[in-house]
Amino acid sequence: MKTTTVIGAQWGDEGKGKITDYLADIADVIVRFQGGNNAGHTIVINGKKYALHLIPSGIFRQKALNVLAQGMVIDPFALDEEMTMLNNEQIGLDHLVVSQRAHVILPFHKTMDTLIESIRHEKVGTTARGIGPAYTDKAARLGLRMIEFIDPKAFAAYLDTIIPYYNTMFKAHGIDLIDKQTLLKQCAPLQQSLAPYIKDTSTLIHQAIQADKHVLFEGAQGTMLCLEHGTYPFVTSSSPTAASVPINVGIAPSCIDRVIGITKAYTTRVGSGAFPSEINDDIAKTIAIKGHEFGTTTGRRRRIGWLDIVQLKYAHQINGFTDIALTLLDVLSGIDPIKICVGYTLDG
Ligand code: IMP
């Protein structure tokens, strides 16, 4: 098998980073294919903790090429921060590439994310990282791709279109308006520093598969947060499923071989929305503390529930898992009885 895809089988935070890190040993290429810095995982290497939100954990292994693919939305400020942190730790970055077609999150996308949440009757509980607004702009054909971001002329032209569009809404809500010159000045150093990493990643991945290299696709979030198949509208704005890999990476669907579903031995969810097996008792508190169930990105305490087999079967239906990796089983040590949700009833 030439490709392995790691998919969150629940609502995210299943421990995908750990499994990716384990599989990274045999990977020649590691690819993030959707989402942005709403994701996050902490990696401990030689006793030192590293928090990554955009760059795959494979960056610590100098042999694998690490790719941020076109299906991602990338905040250049956040990416620069992560790269600087790695540089300061003497971790080389010459095996990192970023898709020229990946869309860009700018500060006003974050402002819009917060504004929309404040207006909504039922809050999604987003990470406020600008993910939804950046994907909205992409679908509305108002987005900015990396290749245009690093081109000063194209970037200035984009700002001339997008600033009046956003400022109309910001003005109506009494929010500070976007200033073109300030933004140009803030972005100029990033345009320069990121330019060498921007590549046609679809062709690079295609060539790697053709050359019989092992490619690992790392999903962020989880199946139930999928825009298409999740608990809409309490979802993220991308599709963290196996079927989304080809379109978000730019390879043929027939290239998807092994699909590993990652599930915890219990369930967690961050943010609002349905959670049939949720518990709110002392056991939930114990699991949260023992499992360190606090978000890497926002620090929020995750909601806790029992393992939900109905939900997992649905995730399998969507993704066609060839393997399952069960994580965090040890967190349930000492809890008796351990419950598993095997069916739902509505109103009795
Ligand atoms: P957004 O992706 O920031 O727009 O947030 C949409 C929903 O997805 C919210 O409920 C978030 O809490 C959730 N979410 C986004 N990223 C993650 C993640 O990496 N783990 C768990 N939940 C996430």
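**Before you start**

This is a predicted model, in which local features need pLDDT of at least 70 and side-chain atom pairs count only at pLDDT 80 or more, while totals for chains, interfaces and linings use all residues. Residues are numbered from 1 along each chain as its sequence is written, and side-chain values use heavy atoms, with hydrogens and water left out.

**Stop 1: helix α6**

Select residues 152–172, which form helix α6; helices (H or I, at least four residues) and strands (E, at least two) are DSSP runs, numbered from the N terminus. The expected span of a helix is 1.5 Å times one less than its number of residues, so the 21 residues of α6 should span 30 Å, and this agrees with its end C-alpha atoms, which are 30 Å apart.

Now select I162, where α6 has a kink of about 30 degrees, shortly before the proline P164. The bend at a residue is the angle between axes fitted to the seven residues ending there and the seven starting there.

Which residues of α6 are buried? They are F155, A156, Y158, L159, I162, I163, Y166, N167 and F170, where buried means under 20% relative accessible area, exposed means over 50%, and partly exposed lies in between (1.4 Å probe, protein chains only). These buried residues pack against α3, α4, α5 (146–149) and α7 (180–194), with contact meaning heavy atoms within 4.5 Å. After α6 comes G174, whose phi is positive, near 65 degrees.

**Stop 2**

Select N46 in the loop between β3 (41–45) and β4 (48–52). The phi of N46 is near 50 degrees, which is a positive value in a residue other than glycine, and N46 is exposed, with a relative accessible area of 81%. Next, select A128 in the loop between α3 (107–119) and α4 (131–139); here phi is near 60 degrees, again a positive value in a residue other than glycine, and A128 counts as partly exposed because its relative accessibility is 30%.

Then select Y232 and P233, which are joined by a cis peptide bond with omega near 5 degrees. P233 is in the loop between β10 (215–218) and α9 (244–249). A cis peptide bond also joins D336 and P337, with omega of about 5 degrees, and P337 lies in the loop between β15 and β16 (340–341).

**Stop 3**

Is Q10 buried or exposed? Q10, in the loop between β1 (3–8) and α1 (16–23), is buried because its relative accessible area is 1%. Leaving aside neighbours within four places in sequence, the residues in contact with Q10 include G222, T223, M224, L225, K264 and Q311.

**Stop 4: salt bridges**

How many salt bridges does a search of the whole structure find? The search finds 14, a salt bridge being a side-chain nitrogen of Lys or Arg within 4 Å of a carboxyl oxygen of Asp or Glu.

Select K264, which was among the contacts of Q10, together with E293: they form a salt bridge whose closest N and O atoms are 2.9 Å apart. K264 lies in strand β11 (residues 258–264) and E293 in the loop between α10 (282–290) and β14 (303–308), so the pair ties together parts that are 29 residues apart in sequence.

Now move to D212 and K2, a salt bridge with its closest N and O atoms 4.0 Å apart. This pair links distant parts of the chain, with D212 in the loop between α8 (201–210) and β10 and K2 in the segment before β1, 210 residues apart. D212 counts as exposed because its relative accessibility is 57%, whereas K2, at 36%, counts as partly exposed.

**Stop 5: a nonpolar patch**

Finally, select I324, L326 and L329, which make a nonpolar surface patch of about 300 Å². Patches are made of residues with over 30% relative accessible area and no salt bridge, like charges being joined within 9 Å and nonpolar side chains (Val, Leu, Ile, Met, Phe, Trp, Tyr) within 5 Å; accessible areas come from the Shrake-Rupley method with a 1.4 Å probe, and for residues only the protein chains shown count as cover. L326 is in strand β15 (residues 323–327) and is partly exposed, with a relative accessible area of 47%.
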